[in-house]
Structure formats: structure tokens, C-alpha cells
Amino acid sequence: MSSAAGPLVTAAEASALAASGKHVRFVDASWYLDKNRNGRAEYEDERLPGAVFFDIDGIKDQASTLPHMLPTESVFSSAMKNLGITNDTSIIVYGGPNCFSPARCWWTFKYFGHRDVHVLNGGMTQWKKEGRPLEQGPPAAPTPSSGYVATADSRLVLNAEQVLALLSTENQIIDARGPGRFLGKEAEPRPGVRSGHMPGALNTPFSHVLRSDDYSAFREPLEIQKNFEASGVRLGDTTLIATTCGSGVTAAVLTLGLHLLDVPLHRAPVYDGSWSEWGSRNDLPITKEP
């Protein structure tokens, strides 16, 4: 049975859920573009009580040359079993200071059919600010669960060919990258990837959903709504609002932001390959500022 909490929870709500008697698992999904930071090392230094580490670079399609493609059902099921998670576990995903990746972990759980999954708003920063308990030092290895059965929902994800087909429709595509990369005025960080954006896409940087002073905290829903609308997003339509970014991580931030505004997840699918794929394929169209 799912908890009554919404997709985004406060530290107080997370603490109450953990104390409720349900099988609750804190999941640290910290991942950083800044390679001076190491999410796993920070987790091993300190973490929320009983937390396990969700390795975004590990729990993925290892056969793909793209950075963060979704794994198969069997791979995800095995990984969750090894983390001590069952289908009935209440999941609370969080990240370290200024960390934007928990939304990707949350969306991955939703894609594989997990009903009771939440993101801790403010992550580790807010938890510590409120003086809540932490574990420090090397973590104990989790006891494997009795099993996990992943059931993928194909409506929540898009491939390149599906996105290409959307370009000639009234459906919307929103890009979480910053304006410089979106407009093609800044080089892409990955070698061999072209600059620019998909024809007709709207630029909605992920900072329109997360607070600019700390990416682990979400803006208020009304502010998120205004930011989407200012970018030209038609929230009231019945069209798809496909999300994309550099490698599929911050696209999930936009999808969660839309979901906080009551947009169903099947209306806000993530383009998993994102610009890492689109920009590297010469057969796919791009637009950039002259």
C-alpha cells in the first residue's frame, strides 16, 4: 500500500514516514557533473539513517555508449533486491548539497512501476539544517530483500525516433539545458556532440524548477508554473510535454516539476538519450542561433 505523501516530501514528512512502521528506505542518489565531488564517497562519509546508495552511473544500460540509459527490468530488479528493496518499500530519494540528480532516480523508480517513491525536498542540506539524525563512517552492506519485480511503463520514456516524429506535431519538447548550450553558443561538454537544439523545442532550464541557490531544493509550485509558462509551455493542453537535457538526468527534473503541477507522467515522458544522442547523430535535425 502506498503512503499518502506526495512526490515531494519535507524532512519532517520523511522522518514521520520512517517512524510509521512501514518498510521505508532512504536512497542516496547523489550524482554530480562536477567531478571534484564524488556522490558515493559523500554517502560513505555521512548519510540518512539506513540509507543505501543508488549509483546512477552503475544502474543503467551498460551496453550503451550513451551516459545514463535505462537498464532492463532484470537488471533493475536485481539491483533493487541487492539494495534491500521490495516492491512494497516506501522509497525516499535524496541527494547531497546542491544536488539535482534525485529526480532522475525518482523517475527511474516510477518507470519501473514503483508506486511509493518520493524525493526529499532540500535533501541532505535541509535534513542537517533541522538537526535530524545521521549515520557516519563506512555503511553496513544492505541485506538483500526477498525479491523485486520491475514492470516497465513504456509511456514514460521516448527514443530518438519517437522524438523525431513529435517535431511535426502539436506536441511539445522542452529542454533543460542552459540557454548557451540550447542556442548553440556554447560548446557541448561531450566530444563529438553538435551544438544547438531540436527544431521547435522550448528552453526551460532545470533551474526554473530547482532553487538556484541549492539545486537540492524545489521552488514553490506556483513559481514553477509561472516559469514553465514564461518559457512558452502549454500546461493546459492534452499534448505530450516531452523533456530532454544533456544526458537524461535534468530532464527528469522537468518531468517531476510538471508532475508537481498535476501533469500525469505519461504526458511528460523523458527522452532518455537526450542531447548526448541527438547531438551526436548527423541524421537528426538541429537548430542554432546564427
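Reply: The sulfur of C99 lies 10 Å from the closest cysteine sulfur, which belongs to C105, and that is too far for a bond. A disulfide is a covalent bond between the sulfur atoms of two cysteines. To be counted here, the two sulfur atoms must be within 2.5 Å. By this rule the count is zero disulfides. C245 is in no disulfide either, since the nearest cysteine sulfur, that of C99, is 14 Å away. Both positions can also be described by their burial. C99 is buried, with a relative accessible area of 1%. C245 is buried too, and its relative accessible area is 1%. The model is a predicted one, and these distances are computed from it.

Now the helix. Helix α8 covers residues 221–230, and its buried residues are I224, N227 and F228. Seen down the axis of α8, these buried residues fall within an arc of 100°, so they line one face of the helix. An α-helix has 3.6 residues a turn, so residues three or four places apart point the same way.

What do the buried residues of α8 pack against? Their partners are β9 (172–175) and α9 (250–260). The other side of α8 has exposed residues, namely L222, K226 and A230. Just after α8 comes G232, which takes a positive phi of about 95°.

Key
Residues are numbered from 1 along each chain as its sequence is written. This is a predicted model: local features need pLDDT of at least 70, side-chain atom pairs count only at pLDDT 80 or more; totals for chains, interfaces and linings use all residues. Side-chain values use heavy atoms; hydrogens and water are left out. Buried means under 20% relative accessible area, exposed over 50%, partly exposed in between (1.4 Å probe, protein chains only). Helices (H or I, at least four residues) and strands (E, at least two) are DSSP runs, numbered from the N terminus. The arc is that of the directions from the helix axis to the C-beta atoms. Contact means heavy atoms within 4.5 Å.
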